[in-house]
Amino acid sequence: AALLPACSTSPSVESTSTTSSAANSTNVFSNISELDYNAPQQDYKIGSNDLLDIKVFQAPELSQPARVDPRGNISLPLIGTVRVEGLSQGQLEKQLAQKLGATYLQDPQVTVFIQEFTAQRVTVEGEVKTAGVFPIKGDMTLVQAIALSGGLNSLADPSKTVLFRKQGNTLKAYNLDLNAIRDGKLRDPYLRNDDRVIVHRSDARFWLREV
């Protein structure tokens with residue numbers, strides 16, 4: 001009988017502690033609505049060693065991949081050497097169209113796709129098959145970065161996937177659920193240069209494996 005009061009008070013203490021812990025945990029993460037859900041290529045500035053895929057409508061002989069050299073230039077048929085470093089995708093499209101339209105083609109339609117952002121990297125760590133630093137190729141999303149790392153291992157908890165992103169002097173963390181993204185319940189965010197993705201372990205799966 002003497003033990004009963006003590007036992008009855010235990011759950012309330014534990015509940016308060018759990019609630020407080022959950023509240024603190026929630027406050028650690030930023031709102032995922034802040035993330036990029038539109039392809040970021042239009043704002044990206046082309047750098048040396050980037051790989052560009054240039055297409056000229058109805059002119060396959062002028063359409064080709066082009067690697068930006070260390071000086072920030074590319075070389076194209078008819079046009080020759082073109083300075084591209086520091087330009088956005090849209091600016092380069094306009095510049096190439098003007099050069100081709102001045103002499104060779106009437107109203108040329110040029111599109112530029114950045115196949116490899118050589119100067120940009122993302123880091124994937126935690127419960128994945130091959131952790132590492134990967135170059136951003138094209139517009140890379142969270143799910144694509146996980147795929148580059150070989151996917152999740154058997155101990156991963158998809159609901160505990162954390163994206164760390166530096167914004168100015170602030171490091172923000174976003175908790176994302178990979179299963180919800182794969183099921184279409186959440187959008188798959190695009191990654192930026194120097195983003196860090198950590199997939200955390202499922203304690204329940206780890207315990208079952210040890211047992």
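Of the 211 residues of the protein, 36% come out as buried, where buried means under 20% relative accessible area, exposed means over 50%, and partly exposed covers the range in between (1.4 Å probe, protein chains only). The model is a predicted one, so local features need pLDDT of at least 70 and side-chain atom pairs count only at pLDDT 80 or more, while totals for chains, interfaces and linings use all residues. Residues are numbered from 1 along each chain as its sequence is written, and side-chain values use heavy atoms, with hydrogens and water left out.

Confidence is summed up by an average pLDDT of 84, with 82% of the residues scoring at least 70; pLDDT is the predictor's confidence in each residue, from 0 to 100. Residues 1-25 stay under 50, and the model gives them zero contacts beyond four places in sequence, a contact being heavy atoms within 4.5 Å.

As for the fold, there are five helices and nine strands, taken as DSSP runs numbered from the N terminus (helices H or I, at least four residues; strands E, at least two). Their order along the sequence is α-β-β-β-β-α-β-β-α-β-β-α-β-α. Among contacts between residues at least 6 apart in sequence, 56% join residues at least 24 apart.

Inside, the largest nonpolar core has 43 residues, and L52, I54 and I74 make the most contacts within it. Such a core is a set of buried Ala, Val, Leu, Ile, Met, Phe, Trp, Tyr and Cys residues joined through side-chain atoms within 4.5 Å. Strand β5 (residues 110-126) gives this core its largest share, six residues. Leaving aside residues up to four places away in sequence, I74 touches partners including L52, I54, V68 and V82.

Then there are the charges: eight salt bridges in total, each a side-chain nitrogen of Lys or Arg within 4 Å of a carboxyl oxygen of Asp or Glu. D36 pairs with R165, closest N and O atoms 3.4 Å apart. This pair sits 129 residues apart in the chain, with D36 in the loop between α1 (3-28) and β1 (51-56) and R165 in strand β7 (residues 156-167). D36 is buried at 17% relative accessible area, and R165 is buried at 1%.
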